[in-house]
Protein chains: 2
Amino acid sequence: MKTIILKENLKQGLNVVEKITGKNLTLPVLNNVLLITEKNFLRLCTTDLEMGISWWTLIKTEKEGKISIPAKLLSSFIGLLPDEKMVLEVKNKTLFIECKKNKTKIKGQDAEEFPIIPKIEEKEFIEVDGYKFCQGLSQIIEIISSSQVRPEISGVYLLFQKNLIKMVGTDSFRLAEKTLSLKNNNIKGDYSLIVPQKTIRELINILGERKEKLKIFFSPNQIMFELVMPGVSHPQVQIISRLIEGEYPDYQEIIPKKYETQIILDKKEFLNQIKTASLFSGKINEVKFEVDPKQGKIEIFTQNPEIGENKSYLLGKTEGQPIEVSFNHKFISDGLSSIQSSEVIFGLNKEGGPAVLKPVGDESYIYVVMPVKAD
Amino acid sequence: MKTIILKENLKQGLNVVEKITGKNLTLPVLNNVLLITEKNFLRLCTTDLEMGISWWTLIKTEKEGKISIPAKLLSSFIGLLPDEKMVLEVKNKTLFIECKKNKTKIKGQDAEEFPIIPKIEEKEFIEVDGYKFCQGLSQIIEIISSSQVRPEISGVYLLFQKNLIKMVGTDSFRLAEKTLSLKNNNIKGDYSLIVPQKTIRELINILGERKEKLKIFFSPNQIMFELVMPGVSHPQVQIISRLIEGEYPDYQEIIPKKYETQIILDKKEFLNQIKTASLFSGKINEVKFEVDPKQGKIEIFTQNPEIGENKSYLLGKTEGQPIEVSFNHKFISDGLSSIQSSEVIFGLNKEGGPAVLKPVGDESYIYVVMPVKAD
């Protein structure tokens, strides 16, 4: 292999693909990035065996070839070089990098020792607004726990229907559902699948701010996300991942259809009061809410015999019955943090029934949370 | 105690004094902040028994009193409150804090259980430009190691003379000396003392950006730094610290008076090349330099049999003999990072003699570093 490449292009690609490499001691080749020339493109690939990332960048190829190189080392090194053209050359399992004032050799491994990154042969795909898709996922992802016992809830549930996408996450104490509209797609029937949390995190990390269309390809066991290079009809990045097997719980049952009491609150003030209250909560993070519809008021109370106590209130438009319920303060503040509107609806139910947080004026998002059980 | 205080004023003070409190399990009272009314001031005090910080803020005192309260809790709590007036009241070893929508009780301890913060009775002081003083210290502090074996080099050596202050730090592999001019001070003779590294770090943290005059008071065993409240002739903050006993080494001997070879380099480019080279250095962090005065060039070389190798060069104005010396790359990059000018003088000596890094056009700072011993 011998190619000429711009430092900035190589750096951009390495920054993306290195994210899933690390210090894998049992299988050190997973810490490597595979460099392959494909005509006038250099392809960079990494994998953690659950997911694989490929990134393409334009180069001038003098001689085709491939090698795998420690990813973090290469990325740190390239990041420090000046913005110049550089020559990459592979000889004798070693990558030679030469630019104006700097000559470097990095020991690599045969490309054949690098794990094969699976492909999806399906030609059909769904096209979505990449930015909105990632924004939606980021409202879901934080509450998912990496449960070993119930692997089916350790990922994001995605349901693709004719006109919409539903995204769902839960840790069995709370659940979040986001709905996006899906236009101009001719999918046949519904697709539902569970994508590992890590894949979704990396997708958000890598594509979160990109405004381009995102293509989504499916196979029975895999999903692939693809962005096309601006101005060139060639993929820029592909993220391919295994799916989680199993059946997602029938979560619609848990979402309460009505509330005994509801109050509309300023989100920022509410979040702030919860944080203040949390300093005085006890070992189970309990915070008590008392809604008084007559006064249009919610009182927030925490107490810890060793530290002290805190009582505060907020005013808001209230409907329904007086109520007193306790929650884990973290679950309430997580829910508020995932809501983007300035006002939230807090819907409460008696006798251990689930409560709901929803943005005012936006039906696309709902956050359901179970109360702390009464003593 | 009963007072009215602005949230912002209390927050500012707590942010400063809480820095030296933590999770002290053997003596939990050290995690507290002492609140004392002193006429129309509230004084906040913390200590770790080595140093003490006091901060004063204006209040409206309705009833004098004092209490000690967990510092981190109080600071987190006050930080979350809205910008309002609040009432602080002490009753029954408990601090009651009340503002518009928030009522809080925090359990405290009797002020009598709080350690006594020592005083310096000397009325004489040296006055310095606080900003320049802290800037100078920050060029020294990073290289000091908290040596248990040689406590006398675990602090910053300060020498006050008629017209100047010298600040020195070392870890026995390298040494940095900063000289500041001292005007309009009528000190009698020289004062020299060794201040614990932690005290200097906190001083930089607390006062680093303040532009006011800094007063320095001495006693045989203690030093005190004081800033006065803007517009009021009352201290705003006092930092008092014990001194380190012992004699500072005669460091002047180590500073080389001349070099066999010197080269003037662009600091940023040099630092960047060292960082690049460091990726390929071995276990003892060795980086080899070769200066060729004929070509006006320094070559930088690192090699690690497991990873690869890197060779780069820089051009610069050179004087003296050809030379080849190896250093720990971290010591060179630390030295470069502490230099503020855009160009540096790198002075080298043969046969294990110390090298020097100095800013071009600034005689007030010198960084001395020992080479790696030849095999």
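What follows is a quick chat about helices, strands and a few single residues.

Me: Experimental or predicted?
Reply: It is a predicted model.

Me: OK, chain contacts. How many residues of chain A are in contact with chain B?
Reply: 23 residues of chain A are in contact with 23 residues of chain B.

Me: Which elements give two or more residues to the side of chain A that touches chain B?
Reply: Helix 2, strand 9 (102-107), helix 5 (267-278) and strand 21 (308-315) of chain A.

Me: And how do the residues on that side of chain A divide into nonpolar, polar and charged?
Reply: There are 8 nonpolar, 8 polar and 7 charged residues on the side of chain A that touches chain B.

Me: What joins strand 21 of chain A to strand 9 of chain B?
Reply: 5 bridges, and the two strands run antiparallel. Within that pairing, Asn310(A) stands opposite Thr104(B).

Me: Now take strand 9 of chain A. How does it pair with strand 21 of chain B, parallel or antiparallel?
Reply: Strand 9 of chain A and strand 21 (residues 308-315) of chain B pair in the antiparallel sense, over 5 bridges. Lys105(A) stands opposite Glu309(B) there.

Me: What is the order of strands in the open sheet of 9 strands?
Reply: The order is 5(A)-1(A)-7(A)-8(A)-9(A)-21(B)-20(B)-19(B)-23(B), with antiparallel pairing.

Me: Which strands stand at the edges?
Reply: Strand 5 (60-63) of chain A and strand 23 (323-328) of chain B. Each has a single partner strand, so one side of each is left without a neighbour in the sheet.

Me: How far are neighbouring strands of this sheet turned against each other?
Reply: By 20 degrees on average, direction ignored.

Me: Which helix lies across strand 9 of chain A?
Reply: Helix 5 (residues 267-278) of chain B does. Helix 5 of chain B also lies across strand 19 (286-292), strand 20 (297-304) and strand 21 of chain B. It runs at about 170 degrees to strand 21 of chain B.

Me: Switching to helix pairs. At what angle do helix 1 and helix 2 of chain A cross?
Reply: Roughly 145 degrees, for helix 1 (residues 7-17) and helix 2 (residues 71-80) of chain A. Their axes come within 9 Å. The crossing of helix 1 of chain A past helix 2 of chain A is left-handed.

Me: Which residues make that contact?
Reply: Helix 1 of chain A brings Lys7(A), Leu10(A), Lys11(A), Leu14(A), Asn15(A) and Val17(A). Helix 2 of chain A brings Ala71(A), Leu74(A), Ser75(A), Ile78(A) and Gly79(A). By class, the contact has 6 nonpolar, 3 polar and 2 charged residues.

Me: And helix 5 of chain A with helix 6 of chain A: at what angle do they cross?
Reply: Roughly 155 degrees, and the axes of helix 5 and helix 6 (residues 329-337) of chain A come within 10 Å. That makes helix 5 of chain A roughly antiparallel to helix 6 of chain A. The crossing of helix 5 of chain A past helix 6 of chain A is left-handed.

Me: Which residues in those two helices meet?
Reply: From helix 5 of chain A, they include Phe270(A), Leu271(A) and Ile274(A). The contact of helix 5 with helix 6 of chain A divides into 6 nonpolar, 4 polar and 2 charged residues.

Me: Single residues now. Ile223(A): buried or exposed?
Reply: Ile223(A) is buried, with 23 other C-beta atoms within 10 Å. The cut-off for buried is 20 or more. Ile223(A) is found in strand 16 (residues 222-228) of chain A.

Me: What is Ile223(A) in contact with, leaving aside neighbours within four places in sequence?
Reply: Leu193(A), Val195(A), Ile216(A), Phe218(A), Ser241(A) and Leu243(A).

Technical notes. Residues are numbered from 1 along each chain as its sequence is written. Chains are lettered from A and ligands numbered from 1 in the order in which they are written. This is a predicted model: local features need pLDDT of at least 70, side-chain atom pairs count only at pLDDT 80 or more; totals for chains, interfaces and linings use all residues. Axes are lines fitted to C-alpha atoms, for helices over the stretch in contact, and angles run from 0 to 180 degrees between N-to-C directions. Helices (H or I, at least four residues) and strands (E, at least two) are DSSP runs, numbered from the N terminus. A crossing is left-handed if the near helix is turned anticlockwise from the far one by less than a right angle, and right-handed if clockwise. Two residues are in contact if their C-beta atoms, placed from the backbone, lie within 7 Å. Ala, Val, Leu, Ile, Met, Phe, Trp, Tyr, Cys and Pro count as nonpolar, Asp, Glu, Lys and Arg as charged, and the others, Gly among them, as polar. A residue is buried if 20 or more other C-beta atoms lie within 10 Å of its own, exposed if 12 or fewer, and partly exposed in between; C-beta atoms are placed from the backbone. Two strands pair if DSSP finds at least two bridges between them. Angles under 35 degrees count as roughly parallel, over 145 as roughly antiparallel, 65 to 115 as roughly perpendicular and the rest as oblique.
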